[in-house]
Each structure stands twice: as C-alpha cells, then as structure tokens.
Amino acid sequence: LTSCRAQPNNPPSTTMPAVKVELRGGTNAMGAPQIDYITDVFAPFINSYFQQYDDDMNKIPSVAAEPPPLDIQIIKRGYYPKGGGIVHVNLRPP
C-alpha cells in the first residue's frame, strides 16, 4: 500500500467481491507471529470490529447469520526451516 486517503463521501460498494488467498510457507517459526495468534486473537478481533449492533448492543439478526468478514483456515502447518504450511484466507467486505 503506497498511499491511503479517506473518502467519506464514497462509502464502500456492497458489490465488492470476496478475496480468497492461499498462503504457503512457515506457519510456526521463532521470532514471528504464530498462525494460532492470527486465528485465535487477530481474526476474532477483526470479526468483532465489523459486527453491527443495535442501540441496545444486540447483534442485528440479519447480520449475525452472515459468515465472518475474515475467515482463516489452517490446511497444513509448516515449521521453520522447511516450511510447507498452507493457510486459506477468505476476506469478504463487511
């Protein structure tokens, strides 16, 4: 990302396609965030951030039934130095 600017008059399009990425390499290595941190801490934070609530802080039912905006699946773990891990990341617009 080389530049970023806010565009408050142009809300994100609801027709944006979902992004699917396959990552390959090391999932567990010393000195790097473990994939378990990403799946157990980072992804739930992102998903809760994009939940929609009513005035009483209850999830809106139509939104609660949708899949989370960020879904990470560990297909195969890969360890340093060999690697070989496979992770599928699905990101849909909130």
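1. Basis of the note. Because the model is predicted, local features need pLDDT of at least 70 and side-chain atom pairs count only at pLDDT 80 or more, while totals for chains, interfaces and linings use all residues. Residues are numbered from 1 along each chain as its sequence is written, and side-chain values use heavy atoms, with hydrogens and water left out.

2. Overall fold. The protein chain has two helices and three strands, and read along the sequence these follow the pattern β-α-α-β-β. Helices (H or I, at least four residues) and strands (E, at least two) are taken as DSSP runs and numbered from the N terminus.

3. The sheet. Strand β3 (residues 85-91) pairs with strand β1 (residues 19-25) in the antiparallel sense over seven bridges, and β3 is also joined, again antiparallel, to strand β2 (residues 70-76) by six bridges; two strands count as paired if DSSP finds at least two bridges between them. Within these pairings, V21 stands opposite V89 in β3, and I74 stands opposite V87 in β3.

4. The nonpolar core. The largest nonpolar core has seven residues, namely I35, A43, I46, L70, I72, V87 and V89. The elements that give two or more residues to this core are α1 (35-49), β2 and β3, and the largest share, three residues, comes from α1. A core in this sense is a set of buried Ala, Val, Leu, Ile, Met, Phe, Trp, Tyr and Cys residues joined through side-chain atoms within 4.5 Å, where buried means under 20% relative accessible area, exposed over 50% and partly exposed in between (1.4 Å probe, protein chains only).

5. Contacts of I72. Leaving aside residues up to four places away in sequence, I72 touches I38, T39, A43, V87, H88 and V89, a contact being heavy atoms within 4.5 Å. For the protein chain, among contacts between residues at least 6 apart in sequence, 54% join residues at least 24 apart.

6. Burial and surface. Buried residues make up 18% of the 94 residues in the protein chain. The accessible surface of the chain comes to about 7,600 Å², of which 58% belongs to carbon and sulfur atoms; the areas come from the Shrake-Rupley method with a 1.4 Å probe, and for residues only the protein chains shown count as cover.

7. A loop residue. P81 lies in the loop between β2 and β3 and is exposed, with a relative accessible area of 71%. P81 and N28 are 53 residues apart in sequence and 9.8 Å apart in space, C-alpha to C-alpha.
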